[in-house]
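Please keep the model open beside the text as you read.

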Amino acid sequence: AYARDRLGYLVWGGELLGWIPRWGQSVSNTREALDSAEIAAAAANDLAALAAPLFSDQRPQEALNTMLVRDGDRIRGALDALNDEVPRVQRLTNIRWRGPFRRVGSTFNELDGVISQAGEFAEVVSLAQLAYPRLMGFEGEPRYVIAGQNSNEIRPTGGFLGTIGIGTPRNGRLTDTRYAR
């Protein structure tokens, strides 16, 4: 909305000046460029707000739980919105922006480099969203083997296995540990 308020004049100006041969293609695509930039900015703003727990005073496991369990669908929705914009951004990147619109072209070049990774990141978030609750003991009680190596006694795996134990996470915290030497 902010971009539309600030740059909305480009739309009617673009329609008025679209017939000028030298700037015609640049000017006639301003509406679509503004729409695409607005969608990308809204999705990026959503992602920044949803990532805020990572930079808060919350414990890391609580922050990850908040992001992946509570807000995971919203994160994927924002990433999907960015991914849906990829074809339009690529098309707008290939336009030869002229005159005062050259900066629009360079902005879309930068945006294309970043936005094209949204689909891959959405897949990672989906997988993490599925695995995280089980791995961290929010769903069931997994058990993990924990091995301690002594790097002063070199072995092919990195060091002598001097300690071995079993750990059980519950609600994101390692609660039950048993070690044997």
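Contact here means heavy atoms within 4.5 Å. Sorted by class, the residues where helix 5 meets helix 8 are seven nonpolar, three polar and no charged. In this sorting, Ala, Val, Leu, Ile, Met, Phe, Trp, Tyr, Cys and Pro count as nonpolar, Asp, Glu, Lys and Arg as charged, and the others, Gly among them, as polar.

The model is a predicted one, in which local features need pLDDT of at least 70 and side-chain atom pairs count only at pLDDT 80 or more, while totals for chains, interfaces and linings use all residues. Residues are numbered from 1 along each chain as its sequence is written, and side-chain values use heavy atoms, leaving out hydrogens and water.

**The chain as a whole**

The protein chain has eight helices and three strands, in the order α-α-α-α-α-α-α-α-β-β-β along the sequence. Helices (H or I, at least four residues) and strands (E, at least two) are DSSP runs, numbered from the N terminus. Of the 181 residues in the protein chain, 31% are buried; buried means under 20% relative accessible area, exposed over 50%, and partly exposed in between (1.4 Å probe, protein chains only). Taking contacts between residues at least 6 apart in sequence, 55% join residues at least 24 apart.

**Two helix pairs**

Two packed helices are described by the angle between their axes and the distance between the axes. The axes are lines fitted to C-alpha atoms, for helices over the stretch in contact, and angles run from 0 to 180 degrees between N-to-C directions.

| Helix pair | Angle | Axis distance |
|---|---|---|
| Helix 5 (residues 60-70) and helix 8 (residues 118-135) | about 120 degrees | 9 Å |
| Helix 4 and helix 7 (residues 102-115) | about 40 degrees | 12 Å |

Angles under 35 degrees count as roughly parallel, over 145 as roughly antiparallel, 65 to 115 as roughly perpendicular and the rest as oblique. Helix 4 and helix 7 are therefore oblique to each other. Helix 4 crosses helix 7 in a left-handed way, and the crossing of helix 5 and helix 8 is left-handed. A crossing is left-handed if the near helix is turned anticlockwise from the far one by less than a right angle, and right-handed if clockwise.

Which residues make the contact between helix 4 and helix 7? Helix 4 contributes Ala33, Ser36, Ala37 and Ala40, and helix 7 contributes Val104, Phe108 and Leu111. By class, this contact of helix 4 with helix 7 holds six nonpolar, one polar and no charged residues.

**Buried residues in the helices**

Ser36 lies in helix 4 (residues 30-50) and counts as buried because its relative accessibility is 0%. Beyond its neighbours within four places in sequence, Ser36 is in contact with Glu85, Arg88, Val89, Leu92 and Phe108.

In helix 5, the buried residues are Gln61, Ala63, Asn65, Thr66, Met67 and Leu68. The buried residues of helix 5 pack against helix 4, helix 6 (72-93), helix 8 and strand 3.

Gln129 sits in helix 8. With a relative accessible area of 15%, Gln129 is buried. Not counting residues up to four places away in sequence, Gln129 touches Leu68, Gly72, Asp73 and Arg76.

The three strands form an open sheet in the order 1-2-3, with antiparallel pairing. Strand 1 (144-150) and strand 3 stand at the edges, each with a single partner strand, so one side of each has no neighbour in the sheet. From one strand to the next, the twist averages 30 degrees. Two strands pair if DSSP finds at least two bridges between them.

How many bridges join strand 1 to strand 2? There are seven, and these strands run antiparallel. Gly148 stands opposite Thr163 in strand 2. Seven bridges also join strand 2 (residues 160-170) to strand 3 (residues 173-180), again antiparallel, and Thr168 has Asp176 in strand 3 as its bridge partner. The hairpin of strand 2 and strand 3 has two residues between the strands, and Asn171 there takes a positive phi near 50 degrees.

Pro169 is part of strand 2 and, at 5% relative accessibility, is buried. Pro169 and Glu141 are 28 residues apart in sequence, with their C-alpha atoms 6.5 Å apart in space. Leaving aside neighbours within four places in sequence, the contacts of Pro169 include Leu135, Met136, Glu141, Tyr144 and Leu174.
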